Amino acid sequence: MFVSLKIKHPHVKEVASGTVSLLQDSSVEQPTVKAGSVVRRVLACYTGVFEGMYGEVAVTEEILQGLADRYNLEKANPPNENAYAPILTDHVREVDRIKGRLLSGLTVEPWLNPSSNEQAMGLYGWMRIDDAEAIQKVDQGSYAHVSISFDEESFELFEISFVAV
């Protein structure tokens, strides 16, 4: 039986506003991952007002910091390598859609919008991509945009998804 995330968590928001970096920045230390997986730096979300799946969402720096703080605290000592939020496609919560995991160590940092040159704040982290096809699609640029699903009151981060826009 499928239960809508919105029914289970009435304050859930889903916001498509992030991008996956294809650049390898040697000044930023990458986490070590198992053979066959890759890590990519991700701008998971940034401050602004967005049209989410459940209506308009205003993402503030306080929300981003709350998400980072709670996630990092909960995932500081994971019991295994898969005890992180899943990376999905199109927010479809099925086990066969898991492409990897969002590792701990989320940060809130300044972000410059390349379209408008406006300064904002961004939620950054590392995606560990385990699925070979997903790795190829990220490297080709097909999987370039992401969306996060979170509770704006409890700051729980449910998952991150590759999305079309």
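Begin the tour by selecting A83, which sits in the loop between α2 and β5 (85-89); helices (H or I, at least four residues) and strands (E, at least two) are DSSP runs, numbered from the N terminus. Residues are numbered from 1 along each chain as its sequence is written, and side-chain values use heavy atoms, with hydrogens and water left out. Because this is a predicted model, local features need pLDDT of at least 70 and side-chain atom pairs count only at pLDDT 80 or more, while totals for chains, interfaces and linings use all residues.

**Around A83**

With a relative accessibility of 21%, A83 counts as partly exposed, a class that lies between buried (under 20% relative accessible area) and exposed (over 50%), with a 1.4 Å probe and protein chains only. Show K75 and P78 next, since A83 is in contact with them when its neighbours within four places in sequence are left aside; contact means heavy atoms within 4.5 Å.

**Colouring by confidence**

Colour the chain by pLDDT, the predictor's confidence in each residue, from 0 to 100. The chain has a mean of 85, and 81% of its residues reach 70 or more. Among its elements, helix α2 (residues 61-74) has the highest mean pLDDT (97) and helix α1 (residues 5-8) the lowest (49). Where pLDDT is low, the predicted coordinates should not be read in detail.

**The aromatic cluster**

Select Y46, F50 and W111, which ring pairs link into a cluster. Rings of Phe, Tyr and Trp (its six-membered ring) pair if their centres lie within 6.5 Å, and planes under 30 degrees apart count as stacked, over 60 as edge-to-face and the rest as tilted. The structure holds 3 aromatic pairs, among them the edge-to-face pair of Y46 and F50, at 5.3 Å centre to centre and 75° between the planes. Y46 is buried at 18% relative accessible area, and the ring centres of Y46 and W111 are 4.0 Å apart with their planes at 25°, so this pair is stacked. Because Y46 lies in strand β2 (residues 38-46) and W111 in strand β7 (residues 107-112), the pair ties together parts that are 65 residues apart in sequence.

**The nonpolar core**

Finally, select L102, L123 and I148, which touch the most other members among the 39 residues of the largest nonpolar core, a set of buried Ala, Val, Leu, Ile, Met, Phe, Trp, Tyr and Cys residues joined through side-chain atoms within 4.5 Å. Strand β8 (residues 119-129) gives the most to this core, with 7 residues. Beyond its neighbours within four places in sequence, L123 is in contact with residues including V42, L64, L106 and I148.
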